[in-house]
Amino acid sequence: MGGKKRALPDNRGRFGDYGGRYVPETVMYALDELTRCYRDIKHDATFKAEFKELLSSYVGRPTPLYFAQRLTAHLNGPRIYFKREDLTHTGAHKINNTVGQILLARHMGKKRIIAETGAGQHGLATATVCARFGLECVIYMGAVDIERQAPNVDKMQLLGARVVPVESGSKTLKDATSEALRDWVTNVRSTFYIIGSVVGPHPYPMIVRDFQTVIGRETKRQCRRIMRRLPHAVIACIGGGSNAIGIWEPFLKERKVKLIGVEAAGYGLSSGRHAATLKRGRPGVLHGSYSYLIFDSDGQIVLPHSVSAGLDYPGVGPQHSHLKDSGRVVYEAVTDKEAIAAFKLTSRLEGIIPALESSHAIAWLVKNAGGFKKNHQVVICLSGRGDKDMGILADWGRIAP
Amino acid sequence: MSRIADVVMKPRAGKLLVPFFTAGFPDMRTTVALVKAAAEAGADMVELGMPFSDPLADGPEIQHSSKAALDNGTNLRRVLKAVEQLQREVELPLILMGYYNPLLTYGETKFLKRAASAGVDGFIIPDLPVEEAAGFKTLVESNGMSAVFLAAPTSSPERVRLIDKFSTDFVYAVTVTGVTGVGRTFGTDTDRYMRRLKQELTKPFVAGFGVSSAESARRLARYADGVVIGSALVKIIRGAANRRSCLKQVTRFLAKVRRAL
């Protein structure tokens with residue numbers, strides 16, 4: 001073949017073997033409609049200007065690239081930089097995507113918005129843009145997550161969203177996603193489904209990636225300015241994988257930049273109680289796409305586990321499955337315990353309380369700092385802030401070290 | 001001609017009556033007895049649900065029955081065993097309905113081959129739209145079985161044509177935008193959609209989702225070639241005090257619908 005590599009996904013929504021559209025017939029027309037609408041609007045100057053303006057004046061972009069001096073000194077390894085997505089409005093990278101999708105929804109004339117949420121960060125980001133644009137908002141959230149991320153539930157309600165507790169299955173993100181899909185199948189004509197990660201049927205993995213790529217574009221520019229070069233590695237946590245895809249996308253073609261994705265090993269990879277989809281799963285079909293997935297020998301989805309609600313999901317975005325098989329990204333995993341330790345360490349050394357999700361990425365570097373040279377520069381995507389996790393931390397015993 | 005083609009082309013009496021049971025709910029022995037009872041009550045085909053942990057096209061009744069079936073150890077191997085037994089004991093065609101991941105896990109080729117030799121007549125996979133189903137359709141048909149695809153009120157005329165072409169013997173029309181469940185009322189919207197399908201499809205079609213009474217079955221059968229009844233039966237089964245009363249109530253309900261068709 002030769003020549004320029006074709007852009008992914010292909011026109012069937014595939015990243016290599018992964019992706020596609022495994023959904024009930026009822027919503028197929030809506031996916032076609034969304035694909036067409038996105039294709040039309042994507043390069044539209046008015047849309048681009050509006051998106052950019054909202055990212056700047058409402059979300060607070062660009063977010064800084066921050067040199068974590070004391071963590072660097074403490075680990076005695078590479079120079080560590082945080083991409084500060086925790087400083088965005090609502091406190092996580094999720095808002096980049098919801099701003100983009102709400103503009104799409106408005107363009108398509110949809111009056112009702114639904115979303116699933118795990119940690120509550122995507123639910124919060126969705127409720128926020130719905131308030132901003134005056135649209136009805138329904139958030140599906142597992143009953144377990146409602147309990148462990150209570151502050152976000154209050155915020156969503158304050159913003160005018162209806163938070164529907166999901167009592168089926170594991171009562172976490174997986175079941176919230178199934179319930180949101182059921183709502184969409186039922187109300188598809190009036191409703192826009194804002195999916196929160198690079199998962200689901202085509203075109204969602206592509207759309208969410210495109211809206212999150214602002215993280216990577218800024219990071220690359222900031223690296224050139226601050227480091228005068230590209231970083232040695234870019235590390236991000238992986239649940240569905242949207243912050244990772246977002247920060248990596250502009251680096252994928254820079255073969256010298258190592259990309260490391262960190263999954264949740266929960267109680268340990270061999271415990272059977274984890275959410276390390278890429279490390280321990282196999283390709284399968286759930287929630288609309290073919291991708292790595294955690295299931296048993298009968299094909300039934302296994303309940304995942306992670307202390308972090310945002311990573312507690314048995315699937316992963318199809319582009320990650322492709323990046324794993326192609327070898328472009330190395331996927332690792334850290335345990336609940338290691339993530340909690342990194343959470344505390346970062347709080348005390350940097351005065352930054354990172355989300356438990358992002359703490360997984362930090363924890364991997366804490367364990368592997370020795371593998372880098374001191375003049376290496378490493379960027380960690382600090383995807384969100386950890387205030388929401390204070391309740392979980394209390395469950396883990398002493399807050400002070 | 002396959003058994004399904006046989007039944008679809010010339011139903012025994014009036015329109016087709018297609019009951020759905022979740023295989024293994026409340027247990028596989030009862031499922032087998034229910035299929036036999038349905039045959040006696042005048043069913044033309046039976047749909048057996050292969051339970052899945054995350055049935056995203058299903059409402060609460062079938063979600064619950066699927067979970068109960070999985071909890072008592074139901075899996076594809078046991079479903080095929082039940083089909084083998086039923087094959088010897090009843091005449092009517094058996095269609096398996098279920099989600100894609102368990103099939104993929106078993107091995108699509110291996111499973112479809114075994115299903116055919118166990119006596120399965122056809123397949124409905126709600127999370128496998130025609131775009132993703134080319135390989136599946138070929139495998140199903142090359143094993144002498146029937147691939148059934150779903151049409152929805154939101155399917156464009158182009159999609160309906162594609163669904164018509166992909167379906168081996170008949171199409172499954174989802175009556176309303178929504179998941180499976182009981183107690184829907186069908187209005188003029190449904191009539192309009194059913195009439196449209198009758199025009200656009202070249203193959204026969206059965207209507208399902210939300211059919212919970214003889215009256216609603218009769219209304220749909222004005223246009224459709226038959227009706228599927230699922231959640232309403234699952235609800236009766238869930239509410240029954242014991243196996244005998246469960247079989248009795250299901251038989252009585254199906255006989256009533258049969259008369260209405």
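Over all chains, the structure holds 39 salt bridges, a salt bridge being a side-chain nitrogen of Lys or Arg within 4 Å of a carboxyl oxygen of Asp or Glu. The structure is a predicted model, in which local features need pLDDT of at least 70 and side-chain atom pairs count only at pLDDT 80 or more, while totals for chains, interfaces and linings use all residues. Residues are numbered from 1 along each chain as its sequence is written, chains are lettered from A and ligands numbered from 1 in the order in which they are written, and side-chain values use heavy atoms, with hydrogens and water left out.

Helices (H or I, at least four residues) and strands (E, at least two) are DSSP runs, numbered from the N terminus.

Next come the sheets of chain A. Strands of a sheet pair through backbone hydrogen bonds, either parallel or antiparallel. Here, two strands are taken to pair if DSSP finds at least two bridges between them. One open sheet has four strands in the order S7-S6-S5-S8 (chain A), and its pairing is parallel. Strand S7 (162-166) and strand S8 (191-193) of chain A stand at the edges with a single partner strand each, so one side of each is left without a neighbour in the sheet. On average, and with direction ignored, neighbouring strands of this sheet are turned by 25° against each other; axes are lines fitted to C-alpha atoms, for helices over the stretch in contact, and angles run from 0 to 180 degrees between N-to-C directions. Strand S6 (residues 136-142) of chain A runs parallel to S7(A) and is joined to it by five bridges. In one of the pairings, Ile139(A) has Val163(A) in S7(A) as its bridge partner. Helix H5 (residues 121-133) of chain A packs on the sheet and touches strand S5 (112-117) and S6 of chain A, with a direction that makes about 165° with that of S5(A). Contact means heavy atoms within 4.5 Å.

Two bridges link S1(A) with strand S2 (residues 18-22) of chain A in the antiparallel sense, and Arg14(A) has Gly19(A) as its bridge partner in S2(A).

The peptide bond from Leu8(A) to Pro9(A) is cis, with omega near 0°, and Pro9(A) sits in the segment before S1 of chain A. A cis peptide bond also joins His202(A) and Pro203(A), with omega about 15°; Pro203(A) is in the loop between S8 and H9 of chain A. Arg228(A) is not a glycine, although its phi is positive at about 65°. Arg228(A) is found in the loop between H9 and strand S9 (233-237) of chain A.

Finally, the two chains meet. In their interface, 33 residues of chain B are in contact with 37 residues of chain A. The area buried between chain B and chain A is about 2,700 Å², of which carbon and sulfur atoms give 52%; buried area is the accessible area (1.4 Å probe) that two parts lose on being put together, summed over both. Leu56(B), Glu132(B) and Thr154(B) supply 24% of the area that chain B buries against chain A, more than any other three residues. Between chain B and chain A there are five salt bridges. Glu132(B) also meets Arg12(A) in a salt bridge between their side chains (3.8 Å, N to O).
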